[in-house]
Amino acid sequence: MLKIAVLGLGSRGKNYGTHFAKRSDVQITAVCDKYQSKIDKIKKLWNVPEDKCFTDEDKFFALGKVADCMLIATQDRDHYKHAMKALKLGYDLLLEKPLSPDIEECLDIEEYARKNGRRVLVCHVLRYANYYRKIQQIIQSGVLGEIELIKHDENISYWHFCHSYVRGNWRKEEETAPMLLAKCCHDMDLMYWFTGSKCKSLNSYGDLTYFNAQHKPEGAKDNCFDCPHRMTCNFEVEHQYLGRKKLIGRGKKKFLWGTYAFCTSSKKKDILNALKNDERASQWARCVFACDNNVVDCQTVNMLMENGTKIVLTANAFNEQDYRHTEIRGSKGVLIADDRGSIIRLNLFGQKPKKIIVNIIPVIKGHYGGDEGIVKATVGMLTDNHDPDMQYTWIKDTIESHRIVQAAELSRHEGGRTVDMSEIPDIRK
Ligand SMILES: NC(=O)c1ccc[n+]([C@@H]2O[C@H](COP(=O)([O-])OP(=O)(O)OC[C@H]3O[C@@H](n4cnc5c(N)ncnc54)[C@H](O)[C@@H]3O)[C@@H](O)[C@H]2O)c1
């Protein structure tokens with residue numbers, strides 16, 4: 001029986017932990033979260049002994065090594081501290097991205113793990129989703145010929161963006177990470193995976209264009225519940241979380257999306273009560289034009305890979321739905337993929353266009369199946385029973401996506417200067 005310890009029982013930790021707990025070959029031996037309510041939510045379901053549930057990380061770590069692997073799903077700026085503690089206790093890790101917003105800390109984790117024989121898988125869940133695996137297989141098969149150009153758009157819905165990057169956990173770069181790292185380290189990882197090449201140089205532009213005080217409507221209040229515009233504003237809190245009116249492009253079922261970040265109950269009255277009366281939860285009821293957010297809402301990155309492939313990547317908040325759109329142009333044909341549907345279009349030159357259908361789970365339910373996929377991969381890693389089709393996201397691969405983001409942020413802060421990747425620290429010998 002494989003043993004897993006879990007640190008951080010928020011949306012991600014609960015999600016992966018539930019996939020682990022469903023398996024008959026895995027036992028969750030210890031858990032830790034700052035909030036007792038989050039522990040109470042899972043301890044019976046996951047069958048965790050009462051004396052192995054902790055709200056204090058020092059007590060949790062003081063147990064020593066009580067599992068084969070630790071899942072770390074705390075916040076971005078705590079990953080380094082938690083990963084190093086766990087590695088030093090002898091754990092292998094399933095570690096949430098980003099490794100750290102500081103590239104030297106990323107390199108420290110990689111170096112320690114490599115030198116001490118620890119295995120670290122990073123939660124780049126898209127690599128484990130059938131949809132993205134299919135795209136990678138098509139590229140690998142060579143039917144597209146030489147890959148000359150990739151255009152990739154990370155289109156974040158306005159409601160997801162407001163939840164995470166305006167009102168929520170990832171709104172302030174200094175507390176978590178730049179938006180490009182928090183959201184697009186997956187996309188950078190896909191680019192590295194698809195091209196099989198490191199980046200040579202890049203430039204980037206981006207800023208906080210819309211969700212700022214200049215766009216606050218006249219007479220708007222700082223809290224949605226007091227605001228005269230509440231019945232018409234697209235970003236209003238009840239509209240966002242409780243389905244006061246139907247959001248086009250979002251579907252009825254997704255109304256409670258994201259609420260676990262501030263309320264463990266999924267009852268509408270509890271959510272409303274938390275948004276109105278709980279000090280922490282009420283930050284999600286703030287006017288989106290009166291928050292303390294500073295991360296960008298629109299960014300572009302232009303990359304030249306070492307193998308000559310050119311990539312144009314964009315990320316922005318101005319969409320009705322969450323989706324990624326990818327166009328891959330090669331010397332023998334074009335692949336066009338839009339992950340809202342399950343269709344990959346393949347137009348090989350001189351041939352009839354093809355549609356390839358891949359069964360997927362919606363993004364909101366678990367990254368098209370990638371969340372469950374990475375749990376399966378972790379079990380494979382721990383039992384030395386690797387699925388040969390599965391391309392693991394080892395920490396050494398993750399370093400490249402994080403270096404690319406580091407370079408893009410450097411460029412953005414220097415007005416779009418072209419940054420040569422040799423300026424960014426790489427894996428140490
Ligand atoms: N792989 C992905 O696709 C993906 C998607 C979203 C978020 N993430 C990343 O996953 C991580 C977690 O995100 P989330 O959405 O679950 O956030 P969250 O805030 O919902 O969860 C974090 C949890 O960790 C707990 N925690 C924080 N510090 C702690 C400590 N010192 N001791 C004990 N518990 C502590 C918090 O109470 C919270 O329950 C973040 O780093 C985020 O960037 C990854």
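Start with helix H11: it is mostly covered, with 11 of its 13 residues buried. A residue counts as buried if 20 or more other C-beta atoms lie within 10 Å of its own, as exposed if 12 or fewer do, and as partly exposed in between, with C-beta atoms placed from the backbone. Helices (H or I, at least four residues) and strands (E, at least two) are DSSP runs, numbered from the N terminus.

Before you click on, bear in mind that this is a predicted model, where local features need pLDDT of at least 70 and side-chain atom pairs count only at pLDDT 80 or more, while totals for chains, interfaces and linings use all residues. Residues are numbered from 1 along each chain as its sequence is written.

**Stop 1**

The expected span is 1.5 Å times one less than the number of residues.

Jump to helix H8, residues 179–195. What do its 17 residues span? They should span 24 Å, and the end C-alpha atoms are 23 Å apart, which agrees. Zoom in on Cys185, where a kink of about 55° is centred; that bend is the angle between axes fitted to the seven residues ending there and the seven starting there. H8 is mostly covered too, with 17 of 17 residues buried. Just after the helix, look at Gly196, which has a positive phi of about 65°.

**Stop 2: the sheet of nine strands**

Next, show the open sheet of 9 strands, which has mixed pairing and runs E14-E13-E12-E11-E7-E10-E9-E8-E15. E14 and strand E15 (419–420) sit at the edges with a single partner strand each, so one side of each has no neighbour in the sheet. Two strands pair if DSSP finds at least two bridges between them.

- Select strands E13 (residues 343–348) and E14 (residues 354–357): they are antiparallel and share 4 bridges. Leu346 has Lys354 in E14 as its bridge partner. In the hairpin, with 5 residues between the strands, Gly350 takes a positive phi near 75°.
- Move to strands E7 (residues 147–157) and E10 (residues 310–319), a parallel pair with 8 bridges. Glu154 is bridged to Ala315 in E10.
- Pick up E9, which is joined to E10 by 7 antiparallel bridges. Here Cys298 partners Asn316 of E10. The hairpin between E9 and E10 has 4 residues between the strands, and its Gly308 takes a positive phi near 100°.
- On the E8 flank, 8 bridges join E8 to E9, again antiparallel. Leu202 stands opposite Met303 in E9.

Now colour the side chains of E9, residues 298–305. In a regular strand the side chains alternate between the two faces of the sheet. Which residues form the covered face of E9? They are Gln299, Val301, Met303 and Met305, while Cys298, Thr300, Asn302 and Leu304 form the uncovered one.

**Stop 3: two partly exposed residues**

Follow the loop between strand E8 (199–207) and helix H9 (237–241) to find Leu208. Leu208 counts as partly exposed because it has 16 C-beta neighbours inside 10 Å.

Then pick Asp397, in helix H12 (residues 395–413). With 16 C-beta neighbours inside 10 Å, Asp397 is partly exposed as well. Lys198 lies 199 residues away in sequence, but 9.9 Å away in space, C-alpha to C-alpha.

**Stop 4: the parallel sheet**

Now show the open sheet of 6 strands, paired in parallel in the order E3-E2-E1-E4-E5-E6. Strands E3 (53–54) and E6 (120–122) are at the edges with a single partner strand each, so one side of each is left without a neighbour in the sheet. Inside it, strands E1 (residues 2–7) and E4 (residues 69–72) run parallel, joined by 4 bridges. Ala5 is partnered with Met70 in E4.

**Last stop: the ligand**

How many residues surround the ligand? There are 25, the closest being Gly8, Gly10, Ser11, Arg12 and Glu96. Helix H1 (residues 11–21) supplies the largest share, 3 residues.

Methods. A residue is near a molecule or strand if its C-beta atom, placed from the backbone, lies within 6 Å of it.
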